[in-house]
Amino acid sequence: MGKKRIYELARELGMPTRDLIAALERLGMPGMTTFHMVSDEEAEVIRGLIAEHKGTLPSEAGVAVAEAKPVEKKAAPAAPPRPPVVAVLGHIDHGKTTLLDRIRKTRVAAEEPGGITQSIGAYQAQVDGKLITFIDTPGHRAFTAMRARGAQVTDIAILVVAADDGVMAQTLEALDHIKAAGVPMIVAINKIDKPEANPERVKQELANLGYIPEEWGGDTIMVPISALTGQGVDELLEMILLVAELHGVSGDPQGPLEAVIIESHLDPTKGPVATAIVKNGTLRERDVVVVGTAWGRIRALLDHQGKRIPAAGPGTPVQILGLSGVPQAGERVEVVASPKEAEELVEKRLEAERAQRMARPKLSFEELLRAAQEQTKKLSLVVKAQTVGALEAVKLELGTIQAEGVELEVLHAGVGQISESDVLLAAAETQGQPLIVGFGVKVDPKAQRLAEQKGIPIRTYEIIYDLTLDVERALKRLAGPEYREVKVGEALVLKTFDLRGVGRVAGCSVRAGKVVRGGKVRVLRQGREVFVGEIFSLKRFAEDVKEVPQGYECGIRIRDFDDVREGDVLEVYVLEEVPV
Ligand code: GDP
């Protein structure tokens, strides 16, 4: 009643939202967006315009209106849409599990009486004849654990925030994890059935963090729901489909296989069992696959209801039977030509793992940073502190650090000890060099172990100044070393020789320090600098030497300089790395 959003109107008119927006643009109503709210009167005008012009518009939009097909499909035949893969995140007790259960109960068509017996880690919900794939394990730990192995399985993240509790510590963590993953987000403001629920406060809190609700002119979609009563859940599901459409979530059943493990375990009767979500291509029974260091010819594929299926296409979660071992979440499934090839690949990986274990006892902070130096110009920090006040102080200090040519990004700043989820977030970082710093906090032993495994440096401090100093050092390392010139010696030219095919050689006596080959040289004539260059060759008698100390004589050839004269003074410098 009263108001409608553009996408709702599009649905009512039986056309894709984008086409409606394009058509309105051409018909003199530009600037419409998916979530734009129109009044009843405006909606009437739009209905009239579209009815009037349907099929008669000569433009692309007109054709699309007439045929109700997405406009841009004509230009580039993209892969067809596929069910989006959705993960649910949020603070504990805000209703993630209740929401997943609710959708599962109401939207998964029960195959047989009795329904679903066992979860495979994901399920598919049916909404308006379309499918949405939900990952059953809520929380940002699982979400980022998958990403930490290099695979992005989630297309859309649902952030659940309880309307009676508001934004809490894990809400903030989840937000940072979602941001780092770069996936679109929908906020579900939950528990609106509760008398003390205050959805507006949640919106305000999120807006304060920079997540402005679309109805306030921002672009964060927020849907008030009650996972308990089901209120608003349909709208949430519609929003998921809409966001999937807007982001062009697609997959080609004929394309190369892209499938990621989301869950696995050892079943006493079936052996290793792993659930993968296929994102592109098709996985088939009898395929020979390699997953990490496990492999096998697929004995059976089971869908989310435990039913055997011959193949699984894009967007489908599927349980794989027949692997030699239990793979880890986040690992990719690869199809190979033969069991022999699979075994060879696995052997190679095991070998590499062994080599890595042998070669890397325990890297120091310095070594870890040095290892990354060539690859990146960004330091990605996870910062933990004991209290909000301390955290603010650290953030303030970090804000004052500057290093040229490098970027400092705070992936997450939170209160509490350094946890596994912090390490996972850092480990999933692909753009920058990750570093975890804690101020006045401890490191969870599990987090410590994981960090060692993943090679993520963790540092804790009791003094803010030490923390910022280390971060500054780390940044400078990433920026590359700085050099300064250091004078190492001086020589006097006693005589010069012009050698054919070589050039002029200066016969010198080293008056102070030493002369080094490759060193930088300043040629001074009567106190004035006449040339700056490099010592190209350095000889004692006929022999090439690296350096000549004070009191000795030598022959010096300066690169690209044949005007050195008797009486010139050669000052010799070397470049020394400035320690950071
Ligand atoms: P999770 O830790 O985020 O998975 O939260 P749960 O789904 O386990 O929910 C925590 C508690 O909140 C449970 O007692 C739920 O019954 C309750 N709860 C979840 N959603 C709602 C809701 O929409 N309304 C009300 N009143 N309670 C809810």
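Here are a few notes on the sheet and helices of this predicted model.

1. A word on the ground rules. Local features need pLDDT of at least 70 and side-chain atom pairs count only at pLDDT 80 or more, while totals for chains, interfaces and linings use all residues. Residues are numbered from 1 along each chain as its sequence is written, and side-chain values use heavy atoms, with hydrogens and water left out.

2. Start with the open sheet: 6 strands in the order 4-5-3-6-7-8, with mixed pairing. Strands are DSSP runs of E with at least two residues, helices are runs of H or I with at least four, and both are numbered from the N terminus; two strands pair if DSSP finds at least two bridges between them. At the edges sit strand 4 (122–127) and strand 8 (221–224), each pairing on one side only.

3. Now look at strand 4 and strand 5 (residues 130–135). They run antiparallel and are joined by 6 bridges.

4. Helix 7 (residues 169–181) lies across strand 3 (85–90), strand 6 (156–162) and strand 7 (185–190), at about 165° to strand 6. Angles run from 0 to 180 degrees between N-to-C directions, with axes fitted to C-alpha atoms, for helices over the stretch in contact (heavy atoms within 4.5 Å). Helix 8 (residues 199–208) lies across strand 6, strand 7 and strand 8, at about 145° to strand 7.

5. Finally, helix 2 (residues 17–26) has 7 of its 10 residues buried, so it is largely enclosed by the rest of the structure. Buried means under 20% relative accessible area, with a 1.4 Å probe and protein chains only. Among the buried residues are T17, D19 and L20. Just after helix 2, G28 takes a positive phi of about 90°.

Definitions and conventions: Buried < 20%, exposed > 50% of the residue type's maximum accessible area, 1.4 Å probe, protein only.
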